[in-house]
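Hello,

Here is the structure I promised to pass on to you. Please have a look at it first, and then read my notes below.

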Amino acid sequence: MSSSEAFTRTELIDPALELAGWNLKDPNQVGFEIPVDGYDAEPWNGITDYCLYQANGEVIAVVEAKRQSHDPRIAQTQVEHYVTEIEKHQNFRPFAFMTNGREFYFWDVGNSAKRQVAGFFSPADLENLLYIRQNKIPLNVVPINTLIAGRSYQQEAIRRVCETFDEGQRRALLIMATGTGKTRTTMAIIDLFLQANQSRKVLFVADRDNLVDQALTDGFKPHIPHEPCDRIFTHNIDKTKRLYTVTLQTLARCYQQFTPAFFDLIIFDEAHRSIFNRFQEVMEYFDGRMIGLTATPASFVDRNTFNTFHRFDGTPTFLYEYKKAVNEKYLVDFSPYQAQTKFQKEGIKGATLSEEDRNALIEQGLDPDDLDYSGTDLEKTVSNRDTLRKQWEEILDVCHKDESGQLPAKTIVFALTQDHALRLCEVFEEMYPQYSDLVRVITHKTEYKGKLTGRFKHEDMPRIAISVDMLDTGVDIPEVMNLVFMKPVQSQIKLWQMIGRGTRSQEACRHLEWLPNRTKQEFLIIDFWENEFEAKPQEAVAQTIPVLQRIFNTRLDLLELYLFEQVSPDCQAVIASLRQQITEIPTDAFTVKKQLNQIEEAWTDSFWSYITQNKLKFLRLKVAPLLRFVPGVDVAAATFTSKVERLKMEIQTEGATPNTLQSIAEDISRLPDFVHQDTQKQGAVKLCLSSRLKNATAAELNQVIAALAEQMKNRRQRPSIFLELDLPDFVETRGFISVGEGGEQVYVEEYKKRVEEKITAIIENHSTINAIRQGEAVTDMQLIELERTLRQGLGGGNIQLSESNIRKAYGLKKASFLAFLRYLLELDAIPDYEEVVKRQFDEFISLRQYNANQINFLRAVQSVFLQKRRLEVADLYEGTLARFGMNAVEKLFSDGEVDNLLGFIELLAA
C-alpha cells in the first residue's frame with residue numbers, strides 16, 4: 001500500500017466509516033486487508049481493503065480504497081471480482097463501496113448500476129438494503145389499495161411510478177393538478193412500497209408546516225395506520241419510526257444526523273420549490289429513491305426540476321393537468337370577472353382631480369399637485385379608502401352566494417400586504433357593521449396554531465378570509481366558491497397555486513348549505529389587477545446570482561485590474577478577501593465534495609503566488625458557484641459588502657455612479673446612534689456620508705466593510721412615505737373586449753349587445769332552433785351545421801366571438817357556440833359541440849372492428865380534433881399523436897381506413 005493511499009485511509013476513509021457507525025476497533029465489525037476467499041492471502045486472489053461484517057460473521061460489504069488523486073471508479077472490475085468470490089463462501093453477495101476518501105460510490109453488483117453517494121452506509125442501512133434485496137416483490141405485481149386511491153388516473157400514476165422504479169430508475173416526477181388527490185396517490189404509493197418490501201423508512205418532505213401536518217394527519221394516520229409515524233423536529237428525532245414527515249427547512253438543519261441511506265423512499269411535495277440552491281445539498285445527500293410531486297402546470301415547470309428528478313427529456317413520469325381533470329369532472333372550472341376602478345386605471349394625479357377634491361386635500365395639508373401616483377402604486381405607496389369601498393361593493397354584488405342567496409359563499413381575498421388586508425377588513429366592517437363575523441384577516445401574523453384557518457374551513461363563519469400568502473397553497477377548503485385577486489401576481493406558478501384553492505368539486509364538499517343552490521359546478525375569480533390567467537410560459541425565468549457569489553465575482557474583476565502589479569498592497573488585500581471567502585465553502589458538503597478534487601488547489605498558497613487569466617476563469621467558473629452552499633449568510637452585511645466592492649470597481653474604471661454612492665450613504669444614515677457615536681467607526685461613517693466617498697481608496701473602503709458591514713442588520717426602517725387618502729372613486733370598467741385587426745376596445749355592455757343582436761338575426765328563422773324549441777328531435781349533423789353557422793356569423797367582423805371573449809363578457813367558460821347558445825337561449829336541449837363530436841366518434845368506432853391500439857389512437861385523434869377544430873394529414877404524424885411512435889397511423893390503419901377517417905372528420909368540422 002502506497003503512503004498516499006495509507007494517508008487517504010487513515011485521514012479520510014477511517015473517519016468516514018466511524019461517522020457511519022462502524023467500529024474500526026472491533027474485528028467482528030470491520031476487517032482490514034482480508035483475502036476475498038477468507039484464507040488465501042495471495043495477491044492474485046484479491047485482498048479487500050476493508051470488509052464490513054454482519055453480526056453472524058458474513059461480509060455485508062467490501063470497501064476498495066484508492067489514493068485521492070485517483071478516480072475510485074477504476075476499482076470497478078476489482079470489486080466485482082471480490083464480491084463474486086466472497087459470495088461463493090456465504091449466503092449472499094455483499095455490497096461494494098469504492099472511494100478515494102472524497103468521492104464514494106456504492107454498487108449492488110448484478111442488481112443495479114453503481115452510483116455516487118454522500119458517504120458510507122451504516123450497519124443498519126446495509127441490513128435494510130439486504131432485506132429489501134432478498135425479500136422485495138416487483139412493484140407492478142402488488143395490488144393497489146383502491147380504498148386509498150380509487151380513481152383511475154391515480155392508479156395510472158401509481159403504476160407509472162412502479163414501472164419507472166422496476167426499470168431501475170431511482171427518481172420520478174408526478175404533475176397532478178391541485179385537488180386531484182396527490183396526498184392519496186402518495187399514500188397509496190407508500191403503502192404499495194411497504195407491501196412489496198421495497199421500503200422500510202419513508203420520508204415526506206414539504207416546505208410548509210400545514211403541508212407536513214396534513215401528510216401526517218390526513219395521510220399516514222388514516223391510510224397507513226398500522227405503521228408508526230412521526231414528524232421530525234431538530235429537537236426531536238426518533239429513528240425507530242417507519243414513516244416520517246418534515247419541513248424542508250428543518251431537514252436542511254438536521255439532515256446530517258441521518259446516514260445517506262437511512263430513508264429508502266423520499267417524497268418531495270411541491271417539488272418546484274424544493275430545488276432552490278440552498279436545498280440542493282439536502283437532496284443530493286440522501287441516496288433513497290425519490291418522488292417529486294407538484295401541481296404546477298407542466299408548461300411552467302422548469303428544466304432544472306425535470307433534471308433533478310431524472311426526467312431529462314422534459315416529460316414527467318405522470319401528468320394529470322387541470323383541464324383534463326375538469327373535463328373528467330374531478331375538478332371544477334372557473335369563470336373570470338375583471339373589474340377596475342378609475343384610480344386603478346388612471347392613477348391618482350392632482351392635475352386631474354376635481355376642484356372639490358383638490359380643496360379637500362389642501363385642507364388636510366397636502367398639495368394636490370404633489371400627487372402623481374400610477375394605478376399600480378395603489379396599496380404600495382398610496383391607499384384610497386373609497387377605492388376599497390367600491391371594490392367591496394363589486395365583490396358582494398357579483399360573488400357566488402350561499403344556499404340562502406343572502407350571504408357570500410366561502411371566499412378568499414388575496415391582499416397585497418398585511419396592512420392592506422387590515423384596511424380591507426376595516427372598510428368592510430364600516431360598510432357592513434351587521435356582518436361582524438363575516439370577514440377575518442388570516443395571515444401568518446394573525447393566525448394562532450391554525451385556529452383561524454380551522455374556523456374558516458369547518459365553521460359557518462367567517463365566510464370571507466383576507467389572506468396574505470398564507471392561504472395561497474396547501475389549504476384544502478372544498479367549499480370555496482370565490483377567489484378575489486386584490487393584488488397582481490407575476491409568477492404563473494404562484495398564480496396557479498392560488499387558483500387551486502377553488503378547484504375542488506362538489507364531491508369533496510361537506511357543507512352544501514354554503515354553496516349556491518347546494519351545488520358547485522364552477523367557482524368565480526374576481527380580479528381587480530388584470531392578472532393573466534391564461535398566460536403562456538416564458539422561455540426562461542431570470543435567476544438571481546447569490547450575493548456571496550456576486551461579491552466574489554466583483555473581487556475577481558478587481559483582481560484582473562491588478563494582474564500587472566500583483567505585489568501591491570491593494571492586490572494582496574483582494575487576494576486575501578477572496579481566500580477568506582473560499583475558506584467559508586463547506587468542503588464536507590456532498591455537493592462540494594463531488595467537485596473538490598477539481599478545485600482543491602484554490603486552497604493552496606502556491607495557487608495564489610501568481611495569478612493568471614486562466615486562474616481567474618477557473619475561479620469564476622469552478623469555485624464561485626460553490627459559494628451558494630455557504631450556510632448562515634448575514635444577508636444584510638453581504639449586500640452592503642457587495643455595494644462597497646462594486647464601488648471599488650467603479651472608482652477603478654469609469655468613476656463612481658450616483659446610485660451606488662447614494663445607496664451606501666442611505667445605508668449608513670439608517671444605522672442607529674450607537675454606531676455613529678462609536679469612535680472606532682466614526683471615520684468610516686464620515687467617509688460614507690461625505691463627498692470624499694466617490695474618490696475613496698481601496699484601503700479606505702476595506703475599512704468601511706470591516707467597520708460597518710456587520711452593523712447593517714441593525715439598520716432602522718426607511719421613513720414611511722405611504723399615503724392614505726379618501727377620494728371618491730368608482731368602478732370604471734368591468735372588463736373590455738378587444739376586437740378587429742386594430743384591436744378596437746369595446747366595453748363589455750356594448751360588446752354583449754353586438755353579440756346578442758347578431759345571434760338574434762342568425763336564429764330568427766333557423767330550422768334547427770325552431771325544431772328544438774318545438775321539442776322535435778334533431779340530428780347531430782344539424783347541430784354541427786348550426787355550430788358552423790354560428791362560428792361563421794360570430795367569429796369575425798366587429799364581434800370575433802371566441803372562448804376567451806365569452807369568458808370576458810359573460811363570465812362563462814364555454815368551449816363551443818352551441819354551449820354558449822344553450823346558455824343564452826336557456827334551451828337545455830342544445831348539447832355541447834364536444835358532446836356531439838364524441839357521440840359521432842363513438843358511433844364511428846362501434847361500426848368497425850378496431851382493436852384496442854386502434855381505438856386508443858382514435859380517442860387521441862378525437863382529442864386533437866376537439867382542441868384544433870380541424871385535422872390535417874400532418875396532424876396524424878405530429879404533436880400529441882407522435883407519442884404512438886413514428887408513422888403509427890400507417891402501422892395501425894390501411895390507406896383506405898385513413899381516407900375514411902379524414903373524410904369523417906371533415907364532416908364534423910365546424
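**What I found**

Cys162 is buried, at a relative accessible area of 1%; buried here means under 20% relative accessible area, exposed means over 50%, and partly exposed lies in between (1.4 Å probe, protein chains only). Before going further: this is a predicted model, in which local features need pLDDT of at least 70 and side-chain atom pairs count only at pLDDT 80 or more, while totals for chains, interfaces and linings use all residues. Residues are numbered from 1 along each chain as its sequence is written, and side-chain values use heavy atoms, with hydrogens and water left out.

Staying with the cysteines, how many disulfides does a search of the whole structure find? The search finds 0, where a disulfide is a pair of cysteine sulfur atoms within 2.5 Å. Cys425, for one, is in no disulfide, and its nearest cysteine sulfur, that of Cys399, is 16 Å away. Cys425 also counts as buried, at 11% relative accessibility.

Next, the nonpolar cores. A nonpolar core is a set of buried Ala, Val, Leu, Ile, Met, Phe, Trp, Tyr and Cys residues joined through side-chain atoms within 4.5 Å. The largest one has 68 residues, and Ile190, Phe220, Ile291 and Phe485 have the most contacts inside it. Helix α5 (residues 182-195) supplies the largest share of this core, 7 residues; helices (H or I, at least four residues) and strands (E, at least two) are DSSP runs, numbered from the N terminus. If neighbours within four places in sequence are left aside, Ile190 is in contact (heavy atoms within 4.5 Å) with Val202, Phe220, Ile224, Leu243, Leu265 and Ile267. There is also a second, separate core of 53 residues, which includes Val746, Val755, Ala860 and Leu901.

Finally, some backbone details. Most residues other than glycine have a negative phi, and most peptide bonds are trans.

- The peptide bond from Met461 to Pro462 is cis, with omega near 0°. Pro462 sits in the loop between α15 (451-458) and β21 (464-467).
- Glu826, in the loop between α30 (817-825) and α31 (833-846), is not a glycine but has a positive phi, near 55°. Glu826 is exposed, with a relative accessible area of 70%.
- Arg869 is not a glycine either, and its phi is positive at about 65°. Arg869 lies in the loop between α32 (852-868) and α33 (888-892) and counts as buried, at 16% relative accessibility.

Best wishes
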